[in-house]
Amino acid sequence: MVLFIGGAAQGKTTVAKNRFSLSDSDFLDGATCATEEIFSAKCITHYHLLIRRWMDSGKDPLALTERLCKENPNGIVLMNEIGCGILPMEKQERLWRETVGRCGCLLAEHAHTVLRVFCGIPTVLKEESAHG
């Protein structure tokens, strides 16, 4: 698994597209996709929005993220960093922020490569062989 993290509009999609020779059809949008689609997707964007959708519908994002790691170990996941900045006043927003962080930790743990993209520049945070 490969995980891309970074702020909104920092170039994660472009870097992923170039680094892995992906086409537009390789991307699945977490803002709108069906949950079952992620388990065979080549690349999932907006994973943080998928987590929000799961929380809003009463699903367990941590369990689904664990399942994703097991069932799609060669997938590429792109998610925004949402834990920086001012702490939201609304409880649900704080819970979402915390859950995105926890899911990000799970993804990073299982990923063989983790990249942070800032201003279109990827920085490798973790890189190991696909087999450990």
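**Charges, fold and strand pairing in a predicted model**

Author: In this predicted model, the chain carries 15 positive and 16 negative side chains, with the centres of the two sets 3 Å apart.

Reader: What makes a side chain count as positive or negative here?

Author: Lys and Arg are taken as positive, Asp and Glu as negative, and His and the chain ends are left out. On that basis the chain has 15 positive and 16 negative side chains.

Reader: Why is the chain called as compact as a globular protein of its length?

Author: The elements run β-α-β-β-α-α-β-α-β-β from the N terminus. The radius of gyration is 14 Å, and the globule rule gives 14 Å for 132 residues; the two values are close, so the chain is as compact as a globular protein of that length.

Reader: What share of the residues counts as buried?

Author: Buried means under 20% relative accessible area. Of the 132 residues, 42% count as buried.

Reader: Why are β5 and β6 said to pair, and in which sense?

Author: Pairing requires at least two bridges between the strands. β5 and β6 (residues 121-127) have six, so they pair, in the antiparallel sense. Leucine 115 has valine 124 in β6 as its bridge partner. Two residues lie between the strands of this hairpin, where cysteine 119 takes a positive phi near 55°.

Reader: How do you know that β1 also pairs with β5?

Author: The cut-off is again at least two bridges. Four bridges join β1 (residues 2-6) to β5 (residues 113-118), so the strands pair; they run parallel. Leucine 3 has valine 114 in β5 as its bridge partner.

Conventions: Residues are numbered from 1 along each chain as its sequence is written. This is a predicted model: local features need pLDDT of at least 70, side-chain atom pairs count only at pLDDT 80 or more; totals for chains, interfaces and linings use all residues. Side-chain values use heavy atoms; hydrogens and water are left out. The radius of gyration is taken over C-alpha atoms; the globule rule is 2.2 Å times the number of residues to the power 0.38. Buried means under 20% relative accessible area, exposed over 50%, partly exposed in between (1.4 Å probe, protein chains only). The place of a charge is taken as NZ of Lys, CZ of Arg, CG of Asp or CD of Glu.
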